[in-house]
Amino acid sequence: SSNAPANIEPASGSVTVTALTPPSVSITAPQTASADEGILLSIHITNSNQVPMQGLAIDLDYPAPFENALAATTTCGGTVTGSGGTTTLSLTGGTVAASRSCAIALVLRAPIPGTHTFSIPAGAVSSTAGVSGVEVTAEVSVLARPSTSMSFEPQTINAGDTATLRILLSNPNDVPIGISFFNPYPAGLVN
């Protein structure tokens with residue numbers, strides 16, 4: 001037998017369970033870019049919870065024709081991989097502070113002119129709070145380089161004679177673009 005007093009009152013208490021909100025994802029990208037220049041694209045991951053979001057991970061295969069021009073960087077912590085020339089991005093072990101956002105910066109290349117859609121499918125971003133539930137996209141119009149051609153009329157002249165130099169600038173795109181150029185004359189040629 002025990003000398004401990006018996007508990008004759010029922011015990012009571014309450015537990016509050018708060019469901020965590022999965023990460024929300026957005027993309028920032030330029031509307032237009034040149035086919036041979038880097039395209040800065042940022043993936044923003046937001047934690048709307050009052051507690052840190054840990055175990056942040058992303059595993060992404062890029063849609064064609066996008067590829068990494070440079071290695072990816074992040075403010076999300078963890079380990080990010082996405083080196084130049086590859087078409088994938090991976091983040092493991094990231095953290096987003098309570099009520100904060102973090103970002104993954106990509107410098108991409110899209111060598112084929114045209115309008116291309118970069119997308120992150122629903123479920124591609126995961127964390128201890130769950131997985132992203134909505135596909136997000138960004139459209140980038142990749143512009144072709146303008147072309148130039150030059151000709152002299154007439155093509156052959158005597159010393160002291162004049163010729164007309166024609167420079168033709170062509171824009172193969174559907175939208176206006178800014179063009180500037182510098183073309184020094186060969187020795188002995190003057191205006």
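The questions and answers below go through features of a predicted model.

Me: Is E67 buried or partly exposed?
Reply: Buried means under 20% relative accessible area. The relative accessibility of E67 is 22%. E67 therefore counts as partly exposed.

Me: Which strand holds R166, the partner of E153?
Reply: E153 and R166 form a salt bridge, with 3.2 Å between the closest N and O atoms. The pair links distant parts of the chain, 13 residues apart. E153 is in strand β14 (residues 147–153), and R166 is in strand β15 (residues 164–170).

Me: What is the relative accessibility of R166?
Reply: E153, the salt-bridge partner of R166, is partly exposed at 40% relative accessibility. R166 also counts as partly exposed. The relative accessibility of R166 is 46%.

Me: What is the omega of the cis peptide bond from E153 to P154?
Reply: Most peptide bonds are trans. The bond from E153 to P154 is cis, and P154 lies in the loop between β14 and β15. Its omega is near -5°.

Me: Where is P65, which a cis peptide bond joins to A64?
Reply: The peptide bond between A64 and P65 is cis, with omega about 5°. The place of P65 is the loop between β4 and β5.

Me: Is the aromatic pair of Y62 and F118 stacked or tilted?
Reply: The structure holds two aromatic pairs. In the pair of Y62 and F118 the ring centres are 5.4 Å apart and the planes are at 55°. Planes under 30 degrees apart count as stacked and over 60 as edge-to-face. The pair of Y62 and F118 is therefore tilted.

Me: What is the angle between the ring planes of F66 and F118?
Reply: F66 and F118 form an aromatic pair with 5.5 Å from centre to centre. This pair is edge-to-face, which calls for planes over 60 degrees apart. The angle between the planes is 80°.

Me: What is the relative accessible area of F118?
Reply: Ring pairs link Y62, F66 and F118 into a cluster. F66 is buried at 2% relative accessibility. F118 is buried too, with a relative accessible area of 0%.

Me: Which are the edge strands of the open sheet of five strands?
Reply: The order of the sheet is β7-β8-β4-β11-β12, with antiparallel pairing. An edge strand pairs on one side only. The edge strands are β7 (79–81) and β12 (130–131).

Me: Which residue in β8 is the bridge partner of D61?
Reply: Strand β4 (residues 53–61) and strand β8 (residues 88–96) pair in the antiparallel sense over six bridges. The bridge partner of D61 in β8 is T88.

Me: Which residues are closest to the centre of the largest pocket?
Reply: The largest pocket holds about 320 Å³ of space. It is lined by 16 residues. By class, 10 are nonpolar, five polar and one charged. The closest to the centre are I157, D161, A163, L189 and V190.

Me: Which strand gives the largest share of the lining of the second largest pocket?
Reply: The second largest pocket holds about 210 Å³ of space. Its lining residues include T32, A33 and S34. The largest share of the lining, three residues, comes from strand β2 (residues 32–34).

Methods
Residues numbered from 1 in each chain as written. Predicted model: local features only at pLDDT ≥ 70, side-chain atom pairs only at ≥ 80, totals over all residues. Heavy atoms only, no water. Buried < 20%, exposed > 50% of the residue type's maximum accessible area, 1.4 Å probe, protein only. Salt bridge = Lys/Arg side-chain N within 4 Å of Asp/Glu carboxyl O. Helix = DSSP H or I, 4+ residues; strand = E, 2+ residues; numbered from the N terminus. 1 Å grid on protein atoms, 1.4 Å probe; cavity = no way out; pocket = protein on both sides within 12 Å on 5 of 7 lines; lining within 4 Å. Points joined across faces, edges and corners; volume = space filled by probe spheres on them. Nonpolar A, V, L, I, M, F, W, Y, C, P; charged D, E, K, R; others polar. Pairing = 2+ DSSP bridges. Phe/Tyr/Trp six-rings, centres within 6.5 Å; stacked < 30°, edge-to-face > 60°.
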